[in-house]
Amino acid sequence: MALTLTCPICGKRNGYEFRYGGEDKGPRPDENGLTPEDWCNYVHMNKCTAGVQKEWWFHRDGCGSWFSTYRDTIHNLEVDKPEDHQ
Amino acid sequence: MMFFKPKPLWGKQTRLKSNYDAVIIGGGLHALATAYYLARDHGLTNVAVIEKHYIGFGGAGRNTAIVRANQRTQYNVPFYKEALDLWPVLTKELNFNLMFNNCGNLNLMHSEAAMKAARMTIATAQFHGVESHLIDAKEAKEMVPALNISKDITFPIHGAMYHPPGGIVRHDAVVWGLAKGCARHGVEIHQQTEATAIHTQGSKVTGVSTSRGSIHTPRVLVSAGGYSAGIIYQMLGIKLPISVLTIQAMVTQPLKPLLNHVVSSGAYHCYANQTLKGEIATGAHMDPWPNYTTQNTAHYIKHQAESLSDWLPCLRGVRFMRIWGGLADMTPDMAPILDGNDPLDGFYMDCGWGYFGFKSCTAAGKYMAEYMATENCPGMLKPFNLRRYQNHQLMGETAALVSYTPDN
């Protein structure tokens, strides 16, 4: 099944128009008192969820928006926000 | 014999016990190799290999079977050299034909920048006693007459890196041979047994829950290929610098012999070899987003046909016969994570191999077994610790030739 993603400006588009931007890890950590461990967590570390995860996307071949959405990594399909996610 | 009960190739199926000296989660090549060396070299025979599906279900049977030792850095090359040198040794020792076809690897270069990068990679290989040479386009054409060295293709060929010690190993044979070797030394292999939790007390591993009951054990290795990172986060809350992507591969219909080497091209994102059956086995594109589908996409089948028929024009019109996908657990520095007793005593991990899991399994098994048996990290594995990421000591493997395109 081919991936489609819903851009907040352009709507539902072919997945190949987008660049994956990584797992959503919350806001960038404050640089005051930032430890190498915290920075490494933010930059490199992933949960590698087999299931639904919140993630960043960039509409590279479109309007240039950065946005986050939910995708099921087992079926590679965009899904609605699950109830148990904050 | 209509109602015979199938018996595993490697021996009699035993019941899962409640106590083992070591439990290995995953039944692929790294897991089987580690169990084999634990029993053979370290006398640890009370070992269970726990596999959710069947042994060889994952990357072990989905890779394109290429082996080589011409990586980029001084840490990786000796490791892969040892892994490569072990194929003929294991063939004898396991008394099982692993069908090592020592045909050599030809890595095509498509720009002067790539040729320069190849010179550096070759210098590293030669320094570590690994045979590797730079050849020009004409020499490459002499070796592979089907090669298109015309200047009129998308990425004209400038030359190649020729690595004679590499080649192809029959990956299923390695699974079966290691499984028999494990069983001969008393290791238990439990298929259709899913690990569901790793138990700890304080900072020590105490056991594993499985779909067939609980096990007490002081040592657990997670070596489940592309599934490792997800398992480790889910069971222990340890995050890893890994992204799991489907990587696609395919074979053509069988043809008369035309390719006597493994030929690969970073710029075309394409590699090919001819199997002993005559099929052209080729890959591989990685999906541009993480996923666990292991499915092929029309997008990349088309790409594969286009690029393959560009540099091997005699394949135009040939059909793909089978397609499949596997998982690659990629790290930011293209090098694996082999670590243990940090942050939990008795917890070991062997993951992050990306698309290098097959060619490394023999040496990884040997050294992970030493690590688990002695509790001391062997020198060979020290650079591959997890803490290198927070210490900003990422390895230089990303400078490998696959990154060099005509744009460099």
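**Note on a two-chain predicted model**

1. The contact between the chains takes 17 residues from chain A and 20 residues from chain B; two residues are in contact if their C-beta atoms, placed from the backbone, lie within 7 Å. Helix α1 (residues 36-43) of chain A gives the largest share of the chain A side, 4 residues. Helices (H or I, at least four residues) and strands (E, at least two) are DSSP runs, numbered from the N terminus. By class, the side of chain A that touches chain B has 8 nonpolar, 7 polar and 2 charged residues. Ala, Val, Leu, Ile, Met, Phe, Trp, Tyr, Cys and Pro count as nonpolar, Asp, Glu, Lys and Arg as charged, and the others, Gly among them, as polar.

2. On the source: this is a predicted model, in which local features need pLDDT of at least 70, side-chain atom pairs count only at pLDDT 80 or more, and totals for chains, interfaces and linings use all residues. Residues are numbered from 1 along each chain as its sequence is written, while chains are lettered from A and ligands numbered from 1 in the order in which they are written.

3. Chain A has an open sheet of 4 strands in the order β3-β4-β5-β6, with antiparallel pairing; two strands pair if DSSP finds at least two bridges between them. Its edge strands, β3 (19-23) and β6 (77-79) of chain A, each pair on one side only. From one strand to the next, the twist averages 50 degrees. Strand β5 (residues 66-72) of chain A is joined to β6(A) by 3 bridges, and R71(A) has E78(A) in β6(A) as its bridge partner.

4. Chain B is divided into domain 1 (22-63 + 172-241 + 334-399) and domain 2 (102-167 + 243-332); the bounds come from an automatic or database domain assignment. The C-alpha centres of the two domains of chain B lie 29 Å apart. Contact is made between 19 residues of domain 1 of chain B and 10 residues of domain 2 of chain B. On the domain 1 side, helix α6 (residues 228-236) of chain B gives the most, with 3 residues. That side of domain 1 of chain B has 9 nonpolar, 9 polar and 1 charged residues.

5. An open sheet of 8 strands in chain B has the order β5-β6-β4-β14-β15-β16-β13-β17 and mixed pairing. Its edge strands are β5 (133-136) and β17 (320-330) of chain B. The twist here averages 20 degrees from one strand to the next. Within the sheet, β4 (residues 105-109) and β14 (residues 262-265) of chain B pair in the parallel sense over 4 bridges, and N107(B) stands opposite S264(B) in β14(B).

6. Helix α1 (residues 29-42) and helix α5 (residues 171-184) of chain B pack at about 30 degrees, with their axes 9 Å apart. Axes are lines fitted to C-alpha atoms, for helices over the stretch in contact, and angles run from 0 to 180 degrees between N-to-C directions. The angle makes α1(B) roughly parallel to α5(B); angles under 35 degrees count as roughly parallel, over 145 as roughly antiparallel, 65 to 115 as roughly perpendicular and the rest as oblique. Their contact has 11 nonpolar, 1 polar and no charged residues.

7. The axes of helix α2 (residues 76-93) and helix α8 (residues 357-374) of chain B come within 8 Å and cross at roughly 80 degrees. These helices, α2(B) and α8(B), are therefore roughly perpendicular to each other.
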